[in-house]
Amino acid sequence: MSSISNLGYVVIGSKKLAEWEDFAVNILGMQVGRSEPGKLLALRMDDMQQRILIEDGSEEDLRAAGWAFKTEQALRAFVKRLQDRGLPVQERSREEATNRRVEKLYALADPNGYTQEFFCGGYAAPSNQPFRSQKLRGAGFKTGDLGIGHVLVRAKDYAQSMDFYQEALGLRLSDIIRGEVRPGHVAEAAFFHTVGGRHHSLATGAVNIPKVLGHLMVELQSLDDVGQGYDRCRAAGLNFARELGHHPNDQMTSFYVETPSGFSIEYGWGGLVVDDESWTVRTYNQFSDWGHARPGQAVR
């Protein structure tokens with residue numbers, strides 16, 4: 001079965017393009033790939049032309065997740081499998097593919113209120129335009145075959161979402177967390193990986209969040225860059241959704257900061273890479289084994 005390689009990009013709908021540029025460049029350490037004022041902002045994290053695309057829109061939320069395939073043959077085989085299941089995946093126009101900076105592009109509505117996009121042939125930046133961050137001091141973001149990071153999305157129907165992500169998209173279950181998120185309230189989330197191996201490229205759960213997208217995680221290659229990013233957030237007076245902490249399942253050390261659109265960026269280091277030959281699916285009873293307190297919340 002043809003399998004997704006990694007999460008190659010995300011698309012956000014927002015009216016706050018200028019705020020996003022300041023946040024992404026001066027806080028997160030990304031680089032502007034291209035900008036059309038009032039229309040779009042494309043952000044770079046590595047040697048690709050764009051990894052996060054902010055398009056003018058009122059959602060202030062996730063618009064699309066772009067899943068990468070290594071070859072057009074693998075992409076076409078995947079699309080055919082979806083079509084054989086009766087799913088209305090459609091090829092997008094050349095213009096739309098160019099806007100995403102990819103060669104081939106297909107799209108399918110996700111039951112949770114955004115679009116799944118499937119592509120091959122992502123555009124690399126010219127060799128004379130390497131990625132340069134104004135803020136990062138280490139080796140940059142951890143991307144490559146692992147993709148850009150992960151998204152956590154709200155499940156309208158948890159059982160339906162589990163089926164869609166595993167049986168339709170072919171994502172592989174890494175583990176489940178079922179734990180108390182506040183006194184008397186237990187939440188559950190499932191974490192899925194691709195053949196690229198990042199512990200999870202997508203997570204979903206019946207979680208009480210106001211948007212489709214709970215958070216987008218980006219990973220740094222240096223723990224010092226995470227710490228310095230944390231200091232930049234504090235100096236800028238930004239709102240933290242979660243303070244520094246550590247997850248028991250993917251072993252990520254991270255914090256969560258609010259974006260201009262209201263959902264969070266998880267800014268982390270040290271995530272696990274899954275080897276399917278030896279991986280065992282587990283269920284955990286806590287979302288964090290230390291830290292990740294909400295602002296003003298006592299650490300237990």
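Analyst: We may begin with Asp-56, which counts as partly exposed because its relative accessibility is 32%. Please keep in mind that this is a predicted model.

User: Which residue forms a salt bridge with Asp-56?

Analyst: Side chains of opposite charge can pair when their charged atoms come close. Here the partner of Asp-56 is Lys-15, with the closest N and O atoms 3.3 Å apart. The two belong to distant parts of the chain: Asp-56 sits in strand β4 (residues 52–56), Lys-15 in the loop between β1 and α1, and 41 residues separate them.

User: Is Lys-15 buried or exposed?

Analyst: Lys-15 counts as exposed, since its relative accessibility is 54% and the cut-off for that class is over 50%.

User: With which residues is Lys-15 in contact, leaving aside its neighbours within four places in sequence?

Analyst: Lys-15 touches Asp-56, Gly-57, Ser-58 and Glu-60.

User: How many salt bridges does the structure hold?

Analyst: There are 16 salt bridges. One of them pairs Arg-76 with Glu-72 at 2.8 Å, N to O. These residues are four apart in helix α2 (residues 72–84), so about one helical turn separates them. Arg-76 is partly exposed, with a relative accessible area of 39%, and Glu-72 is likewise partly exposed, at 34%.

User: Where do Arg-198 and Glu-219 lie?

Analyst: Arg-198 is in the loop between β11 and β12 and Glu-219 is in strand β13 (residues 213–219), so their pairing ties together parts 21 residues apart in sequence. The closest N and O atoms of this salt bridge are 2.6 Å apart. Arg-198 is buried, with a relative accessible area of 4%, and Glu-219 is buried at 2%. Elsewhere, salt bridges with shared partners join Glu-55, Glu-59, Arg-63, Arg-100 and Glu-117 into one network.

User: How should I read the sheet, and in what order do its strands stand?

Analyst: Strands of a sheet pair through backbone hydrogen bonds, either parallel or antiparallel. In this model, ten strands form an open sheet with mixed pairing, in the order β17-β10-β11-β12-β9-β13-β16-β15-β14-β18. The edge strands are β17 (282–284) and β18 (290–291); each has a single partner strand, so one side of each lacks a neighbour in the sheet. Strand β14 (residues 240–246) runs antiparallel to β18 and is joined to it by two bridges, with His-246 opposite Trp-290 in β18.

User: Which strands does helix α4 touch?

Analyst: Helix α4 (residues 158–168) packs on the sheet against β9 (150–154), β10 (172–182), β11 (185–193) and β12 (202–205), and its direction makes about 10° with that of β11. Helix α5 (residues 223–235) lies across β14, β15 (253–258) and β16 (264–269), at about 145° to β16.

User: Which residues of helix α1 are buried?

Analyst: In α1 (residues 17–28), the buried residues are Leu-17, Trp-20, Phe-23, Ala-24, Val-25, Ile-27 and Leu-28.

User: How many helices and strands does the whole chain have?

Analyst: The protein chain has five helices and 18 strands. Its radius of gyration is 18 Å, close to the 19 Å that the globule rule gives for 300 residues, so the chain is as compact as a globular protein of that length. Buried residues make up 53% of the 300 residues.

Technical notes. Residues are numbered from 1 along each chain as its sequence is written. This is a predicted model: local features need pLDDT of at least 70, side-chain atom pairs count only at pLDDT 80 or more; totals for chains, interfaces and linings use all residues. Side-chain values use heavy atoms; hydrogens and water are left out. Two strands pair if DSSP finds at least two bridges between them. Contact means heavy atoms within 4.5 Å. Axes are lines fitted to C-alpha atoms, for helices over the stretch in contact, and angles run from 0 to 180 degrees between N-to-C directions. Buried means under 20% relative accessible area, exposed over 50%, partly exposed in between (1.4 Å probe, protein chains only). The radius of gyration is taken over C-alpha atoms; the globule rule is 2.2 Å times the number of residues to the power 0.38. A salt bridge is a side-chain nitrogen of Lys or Arg within 4 Å of a carboxyl oxygen of Asp or Glu.
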